[in-house]
Amino acid sequence: MSCPPTYKGTAIKYYYKITIATQRLGSKVQALRIPIRVLPMPTVIRPDDVPALCNETNEELAPTNPFLETRKTESKLEIALHHLQNITARRRPNFYLISNKRGTVGRFCLFKPAYKLGEDIVGTLDFTCRTVRCVQVSVTLQCEEVLLKKTPPAQQGAQADPEASAPSGKIMTFTKHHEVCLGLKQTQMILPIPLHVTPTFSTELVDIRWQLHFEFVTSASEELKPTEGENWQAPTDIMIETMIWNLPVTLYPTTPQQILQHSGKHTLLIK
């Protein structure tokens, strides 16, 4: 089933439902529409390249008959779930040196770039290499909805407007982590991914992207340096600068068993 997932955005919506129709003799057709949620799995090009998950059970550890060919065949759903588990389980730490025009703010570490719905995005911030003090930091999980508009061909003699040809995007904010990090050498951020959101996907009409939106509040004020042997008191007013940084991440769907299903009752009255 090659179709976009269920999505309800600001400018576009993908909605799926199952229609059940019935009719009594001599009566009108009665239809019942049940909404469903579609979450497509990542495409597996070659199933042989997907390593199966190891399930250490007593049956697999027991001695087998070498003269009998016992080869377990896996369904397409099991192969897709194994492929999804392999993609989101790869730990590939990426380090980013954060700096502005005044110097280095710190170093950020993201342990992996791909996540499933319901997982936690975990990262660490290291301020030991800083030359500029970071007063506070906030990290927000954002979804960007980019409409892919086809621009009409430019008329002869007319100049193209670069802003008009650029795709327009709208930002939707979800979980957020905020922390005052003045005086800290290291800290971490944990952002849970909701189960009701839509994973990363792209069609001819829209491109759904996910990113981590960072806001670093820095200061070069000398009043923030405590004096040895004295009780330091934070100043009431300091000169600050705000630096914004966006880090893209990829979200994948999760297993159907982990998706919360709202208990609902659908009835159809046949007249």
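1. Helices (H or I, at least four residues) and strands (E, at least two) are DSSP runs, numbered from the N terminus. On that basis, Leu 205 falls in the loop that runs between strand E12 (201–202) and strand E13. The model discussed here is predicted, with local features needing pLDDT of at least 70 and side-chain atom pairs counting only at pLDDT 80 or more, whereas totals for chains, interfaces and linings use all residues. Residues are numbered from 1 along each chain as its sequence is written, and side-chain values use heavy atoms, with hydrogens and water left out.

2. Leu 205 and Ile 12 stand 193 residues apart in sequence, while their C-alpha atoms are 8.6 Å apart in space.

3. The C-alpha atoms of Tyr 252 and Pro 42 are separated by 7.8 Å, although the two residues are 210 apart in sequence. With a relative accessibility of 22%, Tyr 252 is classed as partly exposed.

4. On the cysteines, the search of the whole structure returns zero disulfides (a disulfide being a pair of cysteine sulfur atoms within 2.5 Å). Cys 134 takes part in none, and its nearest cysteine sulfur, which belongs to Cys 181, is 3.5 Å away. Cys 134 is buried at 6% relative accessibility, and Cys 143 is buried too, with a relative accessible area of 2%.

5. Nine aromatic pairs are found across the whole structure, where rings of Phe, Tyr and Trp (its six-membered ring) pair if their centres lie within 6.5 Å, planes under 30 degrees apart being stacked, over 60 edge-to-face and the rest tilted. The rings of Phe 174 and Trp 210 have centres 5.3 Å apart and planes at 40 degrees, so this pair is tilted. Because Phe 174 belongs to strand E10 (residues 168–180) and Trp 210 to strand E13 (residues 206–219), the pair ties together parts that are 36 residues apart in sequence.

6. Three salt bridges are found in the whole structure, each a side-chain nitrogen of Lys or Arg within 4 Å of a carboxyl oxygen of Asp or Glu. In one of them, Glu 241 pairs with Arg 102, their closest N and O atoms being 3.0 Å apart. Since Glu 241 lies in strand E14 (residues 241–252) and Arg 102 in the loop between strand E5 (94–100) and strand E6 (103–110), this pair ties together parts that are 139 residues apart in sequence. Glu 241 itself is partly exposed, at a relative accessible area of 27%.

7. Another salt bridge brings together the side chains of Lys 112 and Glu 119 at 3.4 Å, N to O, and Lys 112 is buried, with a relative accessible area of 13%. Asp 207, a residue of strand E13, forms a salt bridge with Arg 209, and here the closest N and O atoms are 2.9 Å apart. Asp 207 is buried, with a relative accessible area of 15%, whereas Arg 209 is partly exposed at 36% relative accessibility.

Key:
Buried means under 20% relative accessible area, exposed over 50%, partly exposed in between (1.4 Å probe, protein chains only).
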